[in-house]
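The sequence and structure come first.

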Amino acid sequence: MAIVGTILFSLACLLLLRLVQLLISVRKTRNTSTIAPRSSPARTMIVMGSGGHTAEMLRIVDRLDYACYTPRQYIVASTDQTSVVKVIESEIRREPDPANQAYEIITIPRSREVHQGYLSAVATTTMALIHSVPIVLKSRPELILTNGPGTCIPICIAAFLARLLFLNTKCRIVFIESFCRVRSLSLSGRILLFIVDMFVVQWPELAQQIATSRENVQCFGRL
């Protein structure tokens, strides 16, 4: 029993050290001017939300060079049929030929319904996380794009855990705070600020509030 206890304690210490190292690494600024061009496309996972979140994210996705961000996987809440339709329309506009399309839509349970209490949301988010883990492990995304819908929380946590356990060390998470967030972060933003690789805000006032403590915060203006 003493040997087992020692082994478990050692593993716990190693995991804690890995967690500290990873949190420090995602905290540092990503200088995009020094990043070497990729020689292959990045497997990209895009988390959609409902209403304004979907509209904002599709505007961002429309600016991407699809050849560099492929294949694309869109994560949609199981009750959000509107986003499914919008994604399909967007992809067809860019590439009408089904033979050349390189995307799929994956649904997961919704983390939190509108006006749902925070306590009950813990249970629904946990259920969504359970569904997200195998999706992330199977897909092995190299880039996750999200702009803050509740659906992004289980996906980003699953990706962070996979990176923590060396199951997918290539994955990077970019969180783009909604345009309507001028002076305060969304709940998703407050939760994920510490584990994403790049946290983008669209208002300088908001960037000034959080950039003093987080080096991974960037402000590019309205996207």
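## Second largest pocket

The lining of the second largest pocket is made up of 32 residues, and Arg112, Gly148, Pro149, Gly150 and Ser188 are the ones nearest its centre. A pocket here is an open set of points on a 1 Å grid over the protein atoms alone, with protein on both sides within 12 Å along at least five of seven lines; a 1.4 Å probe fits at the points, and lining residues have an atom within 4 Å of one. The model is predicted: local features need pLDDT of at least 70 and side-chain atom pairs pLDDT 80 or more, while totals for chains, interfaces and linings use all residues. Residues are numbered from 1 along each chain as its sequence is written, and side-chain values use heavy atoms, with hydrogens and water left out.

The second largest pocket holds about 720 Å³ of space, the volume being that filled by probe spheres set on grid points joined across faces, edges and corners. Its lining divides into 12 nonpolar, 13 polar and seven charged residues. In this scheme Ala, Val, Leu, Ile, Met, Phe, Trp, Tyr, Cys and Pro are nonpolar, Asp, Glu, Lys and Arg are charged, and the others, Gly among them, are polar. At least two lining residues come from each of helix 4 (118-139) and helix 6 (187-192). Helices (H or I, at least four residues) and strands (E, at least two) are DSSP runs numbered from the N terminus.

## Salt bridges

The model has four salt bridges, each defined as a side-chain nitrogen of Lys or Arg within 4 Å of a carboxyl oxygen of Asp or Glu. In the pair formed by Glu142 and Arg43, the closest N and O atoms are 3.7 Å apart. This pair links distant parts of the chain, 99 residues apart: Glu142 is in the loop between helix 4 and strand 4 (143-146), and Arg43 is in the loop between helix 1 and strand 1 (44-47). Glu142 is buried at 11% relative accessible area, whereas Arg43 is partly exposed at 31%; buried means under 20%, exposed over 50% and partly exposed in between, with a 1.4 Å probe and protein chains only.

Arg72 pairs with Glu91, with 2.9 Å between the closest N and O atoms. Arg72 belongs to strand 2 (residues 72-77) and Glu91 to helix 3 (residues 81-94), so the bridge ties together parts 19 residues apart in sequence. Arg72 is buried at 4% relative accessibility, and Glu91 is buried at 1%.

## Around Arg172

Asp197 forms a salt bridge with Arg172, the closest N and O atoms being 4.0 Å apart. Asp197 sits in the loop between helix 6 and strand 6 (198-201) and Arg172 in strand 5 (residues 172-176), so parts 25 residues apart in sequence are tied together. Asp197 is buried at 3% relative accessibility, while Arg172 is partly exposed at 32%. Through shared partners, salt bridges join Arg163, Arg172 and Asp197 into one network.

Val26 and Arg172 are 146 residues apart in sequence, with 9.0 Å from C-alpha to C-alpha. Val26 is in helix 1 and is buried, with 0% relative accessible area.

## Nonpolar surface patch

Ile3, Val4, Ile7, Leu8, Leu11, Leu14 and Leu17 form a nonpolar surface patch, together giving about 730 Å² of accessible area. Patch residues have over 30% relative accessible area and no salt bridge; nonpolar side chains (Val, Leu, Ile, Met, Phe, Trp, Tyr) are joined within 5 Å, like charges within 9 Å. Areas come from the Shrake-Rupley method with a 1.4 Å probe, and for residues only the protein chains shown count as cover. Leu17 lies in helix 1 (residues 2-27) and is exposed, at 57% relative accessibility.
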